[in-house]
There are 2 protein chains.
Amino acid sequence: MVALSAGKNLDLFLDQIKNHQPEAVALADKNLLPQLKERLDTVSKNGTLFNPPEVFGGAEGLDIIAGWDHADLVVTGIVGCAGLLPTLSAIRAGKDIALANKETLIAAGPVVLPELKKSGSRLLPADSEHSAIFQCLQGTPWAENARLSTGIPTPGLTGIILTASGGAFRDWAAEDLSKATVADATSHPNWSMGRKITVDSATLMNKGLEVIEAHYLFGIDYDQIDIVIHPQSIIHSMIELNDSSVLAQLGWPDMKLPILYCLSWPSRIETPWRKLNLPEISKLTFNSPDTDKYPCMELAFAAGKAGGTMPAVLNASNEEAVAQFLEEKIHFLEIPKLIEFVCDLHRNNLIKSPSLSDVLEVDKWARLAVQDKIKKGL
Amino acid sequence: MVALSAGKNLDLFLDQIKNHQPEAVALADKNLLPQLKERLDTVSKNGTLFNPPEVFGGAEGLDIIAGWDHADLVVTGIVGCAGLLPTLSAIRAGKDIALANKETLIAAGPVVLPELKKSGSRLLPADSEHSAIFQCLQGTPWAENARLSTGIPTPGLTGIILTASGGAFRDWAAEDLSKATVADATSHPNWSMGRKITVDSATLMNKGLEVIEAHYLFGIDYDQIDIVIHPQSIIHSMIELNDSSVLAQLGWPDMKLPILYCLSWPSRIETPWRKLNLPEISKLTFNSPDTDKYPCMELAFAAGKAGGTMPAVLNASNEEAVAQFLEEKIHFLEIPKLIEFVCDLHRNNLIKSPSLSDVLEVDKWARLAVQDKIKKGL
């Protein structure tokens with residue numbers, strides 16, 4: 001560990017710095033920088049920090065440590081468009097990326113792909129579905145770089161099957177969703193995640209966003225990506241090969257493994273984690289998602305196929321709509337309606353090959369468009 | 001296709017020769033050799049065979065074509081110890097082997113492993129379970145030759161999970177098995193196979209034999225191999241890695257795919273075969289096998305752990321016992337009893353590092369020992 005960043009949680013950050021003794025740190029919230037420096041001074045003096053790190057602040061600080069000379073791999077876990085800039089800095093510096101920031105590909109795919117090609121930096125997926133696909137692809141006979149392709153089709157890969165838990169409402173009738181409360185939507189049956197992502201899981205937008213990410217990451221057509229509801233979340237996703245063979249990666253639902261695999265790839269690191277026990281689980285079930293019940297899924301496929309800035313608009317309008325839902329400003333079923341409305345509004349202004357500033361601009365615009373529509377009435 | 005062999009079915013053999021126009025052919029049944037030559041003459045004269053092949057006969061003939069100069073890969077599908085000799089000839093000639101003859105590893109593992117090491121010939125598994133494991137192992141980070149190891153442990157491979165359909169009696173109560181008839185035991189729910197193998201599937205001895213084969217093929221300890229009953233036969237087997245990740249290969253139950261993979265490995269060949277559809281299958285179930293109901297499984301683990309000539313005795317006594325059952329000379333539950341009796345009888349004569357003739361000798365002895373025990377009364 002050579003560099004570390006944080007937002008504003010100084011207590012946790014100080015613990016991490018003491019544990020990992022990095023060469024450099026960056027704090028996103030510049031206002032807290034004097035406080036951080038003071039506390040680092042104290043721990044240096046009392047001997048719990050042997051080599052005080054260089055300290056940077058703000059977006060520039062994140063950029064600096066993302067391209068830090070001694071780093072081989074950069075884990076980008078900053079949420080939202082704020083994570084996009086440091087991720088791009090790391091890509092431009094030729095670092096391999098453990099990708100946990102989804103905007104990098106979903107919103108900025110058309111910007112990021114050429115940069116990856118230029119610098120040779122590689123994206124290692126940190127979420128469980130794409131990690132499963134990535135793990136399965138290691139077993140395909142195609143060239144090493146095709147397994148890491150970002151945007152380059154893998155020959156012989158004929159399909160990707162993304163599994164979805166089905167989220168909080170998988171056992172609800174479609175007609176009951178109009179009554180869904182924030183409490184209902186934020187209790188996930190399998191995975192322990194943040195509130196925003198848990199709502200995305202209830203709308204199945206999380207899976208729609210993963211479809212777009214898979215398209216960019218593995219260079220596969222949207223028509224070759226399928227979503228299957230698999231309530232037990234044991235098969236984390238599958239690939240289908242040209243001879244009809246299907247490979248799958250399985251495990252307990254736990255984010256630790258895909259993150260570890262980013263760090264250990266192309267090798268693996270031994271862990272004492274609980275072994276999968278299929279007789280204990282007893283059964284794995286599968287069904288096709290109900291497109292009427294989950295309109296977000298289709299909106300995501302449509303935005304992906306439209307390409308250009310449309311996935312950025314989809315992502316931003318979804319984030320804003322979910323935020324409004326979490327504040328109880330709109331009903332659950334109004335989330336897809338708002339996204340559809342804003343995507344439709346963007347259709348004539350779609351930029352096919354956007355620049356980074358185009359992406360950041362439509363992101364802002366889409367959020368305001370959602371707020372505006374709510375004000376004017378749905 | 002450069003060489004072809006057959007037992008005694010001349011009509012089928014002639015069709016195959018016309019279709020594939022091999023350089024050489026071998027017929028196991030020497031008595032039919034004049035007939036074959038006459039019919040080959042006829043089809044040569046009438047123009048349906050352009051390049052008449054060289055013709056060989058008997059065990060020597062099989063040996064000659066198994067090491068045929070122009071062959072890169074030899075598919076060894078001859079059943080029983082009769083398949084052992086030509087397989088060894090092919091190994092000694094340094095050919096890669098698509099292995100469908102199970103005696104090669106189960107009975108003659110200790111003889112074959114050093115020969116493989118010497119000649120560099122590689123074993124590609126043609127049955128669905130070992131093919132699944134082999135396909136999954138391609139995705140491991142360990143050296144190319146470890147993925148093809150025969151007897152060499154694969155670092156990082158911590159477990160193999162062999163799936164079993166559960167065979168004809170999976171839904172029978174253990175106490176009803178005493179009434180099982182030949183008709184009951186020879187109707188397999190998922191796979192269309194010969195009568196002998198279908199009975200092995202009903203006793204779960206097929207899985208026990210696969211455990212021994214997996215041990216030799218992948219160089220893994222018996223304690224690291226698990227059997228899981230999976231009635232749908234969709235997951236063909238799994239591997240467990242040192243970081244707790246599990247990889248699986250899935251597909252419809254059809255032998256065509258594993259055989260094709262032997263031929264296409266390390267690449268894959270496109271097929272128009274039906275794609276797997278998990279929502280259509282709806283559920284996959286798993287349970288631990290009942291060791292009281294399936295004593296053959298434990299007998300196989302014990303024989304494997306004993307090593308040397310014991311697996312050859314297990315295999316031969318099982319074949320003889322099943323043959324006697326198919327002729328209605330013994331009851332279904334007497335199959336494991338006979339095997340256990342003969343294995344016990346062999347224990348003091350076990351040869352740790354047997355020669356090929358030792359293996360062939362104990363094979364004959366075990367068959368006679370089964371017959372003898374039946375004569376003397378069980």
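**Two chains and their contact**

Biologist: How many residue pairs are in polar contact across the interface of chain A and chain B?

Modeller: A polar contact is a pair of N or O atoms within 3.5 Å; within protein, one must be able to donate a hydrogen and the other to accept it, and residues adjacent in sequence count only if both atoms are side-chain atoms. With both residues at pLDDT 80 or more, the rule finds, across the interface of chain A and chain B, 18 residue pairs.

Biologist: Good to know! What kind of model is this?

Modeller: Residues are numbered from 1 along each chain as its sequence is written, chains are lettered from A and ligands numbered from 1 in the order in which they are written, and side-chain values use heavy atoms, leaving out hydrogens and water. Local features need pLDDT of at least 70, side-chain atom pairs count only at pLDDT 80 or more, and totals for chains, interfaces and linings use all residues, for this model is predicted.

Biologist: Which strand gives the largest share of the side of chain A that touches chain B?

Modeller: Helices (H or I, at least four residues) and strands (E, at least two) are DSSP runs, numbered from the N terminus. Strand 9 (235-241), strand 10 (246-250), helix 11 (256-264), helix 12 (278-281) and strand 11 (283-285) of chain A each supply at least two residues of that side. The largest share, five residues, comes from strand 10 of chain A.

Biologist: What is the area buried between chain A and chain B?

Modeller: Buried area is the accessible area (1.4 Å probe) that two parts lose on being put together, summed over both. Here carbon and sulfur atoms give 57% of it. A:Asp243, A:Arg268 and A:Phe286 supply 18% of what chain A buries against chain B, more than any other three residues. The total between chain A and chain B is about 3,500 Å².

Biologist: Which residue forms a salt bridge with A:Lys275?

Modeller: A salt bridge is a side-chain nitrogen of Lys or Arg within 4 Å of a carboxyl oxygen of Asp or Glu, and the count between the chains is four. With the closest N and O atoms 3.1 Å apart, the partner of A:Lys275 is B:Glu240.

Biologist: What rotation superposes chain A on chain B?

Modeller: Copies are superposed by least squares on the C-alpha atoms of residues with pLDDT of at least 70 in both. The shift along the axis is 0.0 Å and the RMSD 0.0 Å, for a rotation of 180 degrees. That is the relation of a two-fold axis, and in chain A the C-alpha nearest the axis is that of A:Gly139. So, the rotation with the relation of a two-fold axis is 180 degrees.

Biologist: Where is A:Ser282 found?

Modeller: Its phi is positive, about 75 degrees, although A:Ser282 is not a glycine. A:Ser282 is partly exposed, with a relative accessible area of 35%. Its place is in the loop between helix 12 and strand 11 of chain A.

Notes
Buried means under 20% relative accessible area, exposed over 50%, partly exposed in between (1.4 Å probe, protein chains only).
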